[in-house]
Amino acid sequence: DGLLDKISQLTIVDVGPRSLETARSRLPHARSFVASAEKLVPIRTSSQDLYISLRTYQSSYFDIVNAVREAYRVLRIGGLFVVSGANAFLGEEDVVIPGLVIPHTSIVDRDRPFELVDKIRRQLTVMRFEDVGVRSGLTEIFVFGRRAV
């Protein structure tokens, strides 16, 4: 009996049809759509209470500004925005290595996760989200906010 069992309406979105198929098999009661976070066309405006995206915004090809705009559009007034980004990765022998690898290199940048989260936080502020904050743990950083009026 988990959190998802208590949700009356769940909408899941993924760019990958195979990933969405796997999610649907685990969450058969959920509505599902193939779409990108930057273009949530199938989701009605002001229809969602909660927007969660885990480790999606850290992609090199991801448009953070448009994704936050779309999150704002689909959230109801007072709806919560929660996004996570990796703060580290597991190296050899399951050793936690702080930072993220710079794309197309083997260089680990310890500041990259914080720069990413700060870019998201700034965009939330531009979009006039309220109660904006950041929380970090050993391997994950979360940025959150509430859609204002």
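**Salt bridges.** I started with Asp-118, Arg-121 and Arg-122, which are linked in a network of salt bridges. I counted a salt bridge when a side-chain nitrogen of Lys or Arg is within 4 Å of a carboxyl oxygen of Asp or Glu. This is a predicted model, so I kept the cut-offs in mind: local features need pLDDT of at least 70 and side-chain atom pairs pLDDT 80 or more, while totals for chains, interfaces and linings use all residues. Numbering runs from 1 along each chain as its sequence is written, and side-chain values use heavy atoms, with hydrogens and water left out.

I took helices (H or I, at least four residues) and strands (E, at least two) as DSSP runs, numbered from the N terminus. Arg-121 is partly exposed at 29% relative accessible area, and Asp-118 is partly exposed at 28%. My cut-offs there: buried is under 20% relative accessible area, exposed over 50%, partly exposed in between (1.4 Å probe, protein chains only).

How many salt bridges does a search of the whole structure find? I got 6. One of them joins Asp-49 and Arg-76, with the closest N and O atoms 2.9 Å apart. Asp-49 lies in strand E3 and Arg-76 in strand E4, so this pair ties together parts 27 residues apart in sequence. Asp-49 is exposed at 52%, whereas Arg-76 is partly exposed at 33%.

I also noted Glu-70 with Arg-73, N to O 2.9 Å. They are 3 residues apart in helix H2, separated by about one helical turn. Glu-70 is buried at 13%; Arg-73 is partly exposed at 22%.

**The sheet.** Next I traced an open sheet of 4 strands, in the order E3-E4-E10-E9 with mixed pairing. Strands E3 (48-54) and E9 (130-136) are the edges, each pairing on one side only. Two strands pair if DSSP finds at least two bridges between them. E4 (75-86) and E10 (140-146) pair in the antiparallel sense over 7 bridges, and Ser-84 stands opposite Phe-142 in E10.

**Helices on the sheet.** Which strands does helix H3 (residues 112-126) touch? I found E4, E9 and E10, and the direction of H3 makes about 5° with that of E10. Helix H2 (64-74) lies across E3 and E4, at about 145° to E4. For angles, axes are lines fitted to C-alpha atoms (for helices, over the stretch in contact), and values run from 0 to 180 degrees between N-to-C directions. Contact means heavy atoms within 4.5 Å.

Is Gln-123 buried or exposed? At 10% relative accessibility, Gln-123 is buried. This residue of H3 touches Val-65, Val-68 and Arg-69, leaving aside residues up to four places away in sequence.

Asp-94 is in the loop between strands E5 (88-90) and E6 (96-98) and is exposed at 60%. Asp-131 belongs to strand E9 and is exposed too, at 53%.
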